[in-house]
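Open the model in your viewer and keep the selection tool ready. The stops below say what to pick next and what is there.

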Amino acid sequence: MNEDPRRAIPRTDSLLALPAVVDARTRLSGAAVRERIRAVQDRARRGELAPADVAATLAADLAATAPSTQTPVLNATGVIVHTNLGRAPLGAAAAAAVADAAGYVDVEMDLRTGLRSRRGRGARAALLAACPQAQDALLVNNGAAALVLATTALAAGREVIVSRGELIEIGAGFRLTDLIESTGARLREVGTTNRTHLRDYVDAIGPDTGCLLKVHPSNFRVSGFAADVAVGDLAAAAREHGVPLIADLGSGLLAPDPLLPDEPDATTALRAGADVVTASGDKLLGGPQAGVVLGRSDIVERLARHPLARAVRIDKLALAALEATVAGPPSPVTGYLHADADRLRARAEALATAVGGVVVAHDGRVGGGGAPGVPLPGYAVRLPEAVALPLRTGSPAVLARVHDGAALIDLRCVPEADDPRLIDAVRAALARG
């Protein structure tokens, strides 16, 4: 009688002793490793795999398995702050700071005295140095949280006066109205969708007013017969009536950028009289996901002492990354935003020469709701649309812009050091396509 070939399938204990498996257990949990072992053994039991090939197949499977399912992507869309790709990519300084902060760090301790200290003091100091117009700074876990905290602390149970033209919807269907009303504040809408005047705000101010709110409608533009009220004019009215003014900037610029003249910045808004500004840390600021609050010291302290501040506080990794982004060299976002067009064209031509395709003019975008409609002139390599899928599913994964029946490879947001990897990825995708 012939012996059942399945008896030759390696036992679990012998597979666990393999060097490749021992190494994998430094990256993966024991349960994950055992699940991989069972899966390979089951394939052999079903006859899909020879028993002699189990060990090699298991080793290859574990080598290709990472502890995180998130896949690094080369962003070849030309969109700098790409929400679906995690918004701002961190620079080397920020990435190193995150690695340093992964262990025990003095996030809330003064090592000299051994006593508890203010959380995130380094990031706070870096922000105040970069934006001297602010008297104080507070960091929370994202931009929406910064706005929710500000309106809760200043207007819970009272009215927030805001223009109808600024009642925006942000990503994934979340609406500004819903966020603010979730705090217990009541929205007092003034003006119309296209035109709001200073008198609209002034006429609405009353005993129940908690604050005035100025929101930058960053993800759309209203043109034509339109009017809004500048921060400076609102600030004067707010001071006259003794109510605070919040300016929600969204984009995260700390100072003016000539390339984006219509994009608001914290320095200008505070100089114009805003009592507090809120913004995101992972947009034009170029850092990790964070919410930034800058403004008058008494108001920032009021926000910091509110119970909600604990629920939305920022973690140590984001604090480290944000401090390194603000205090360190220019972030990748800044570099991509101000990329030299001639250099982009030379890189595109080199890619086209290596893989085929045609170099075409192509406008990049800020993305993330920033600077809508503002083109960033550049170039792309035009390839057949069919190559987009194998590019996305290749290694490295490459996200191209699919437009007008073509896959457009824009190198604006691809680090130049990765150009050889991009060339190899395109060649492999063309071969698969």
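Select His 216. His 216 sits in the loop between β7 (209–215) and α10 (231–241); helices (H or I, at least four residues) and strands (E, at least two) are DSSP runs, numbered from the N terminus. This is a predicted model, where local features need pLDDT of at least 70, side-chain atom pairs count only at pLDDT 80 or more, and totals for chains, interfaces and linings use all residues. Residues are numbered from 1 along each chain as its sequence is written, and side-chain values use heavy atoms, with hydrogens and water left out.

Is His 216 buried or exposed? His 216 counts as buried because its relative accessibility is 18%. Buried means under 20% relative accessible area, exposed over 50%, partly exposed in between (1.4 Å probe, protein chains only). Now show its contacts (heavy atoms within 4.5 Å). Leaving aside neighbours within four places in sequence, His 216 touches Ile 168, Asp 248, Leu 249, Asp 262, Glu 263 and Pro 264.

Next, colour the sheet that holds β7. Seven strands form an open sheet in the order β4-β10-β9-β8-β7-β5-β6, with mixed pairing. Its edge strands are β4 (136–140) and β6 (186–190), each pairing on one side only. Two strands pair if DSSP finds at least two bridges between them. From one strand to the next, the twist averages 25 degrees.

Zoom to β8 (residues 245–250) and β9 (residues 276–280). These strands run parallel, joined by four bridges. Pick Ala 247: Val 277 in β9 stands opposite.

Then select helix α12 (residues 297–305). Helix α12 lies across β4, β9 and β10 (291–295), at about 25 degrees to β4. Axes are lines fitted to C-alpha atoms, for helices over the stretch in contact, and angles run from 0 to 180 degrees between N-to-C directions.

Move to Val 381, in strand β12 (residues 376–384). Val 381 counts as buried because its relative accessibility is 0%.

Finally, zoom out. The protein chain has 18 helices and 14 strands. Its C-alpha trace spans about 100 × 60 × 40 Å along its principal axes. Buried residues make up 45% of the 433 residues.
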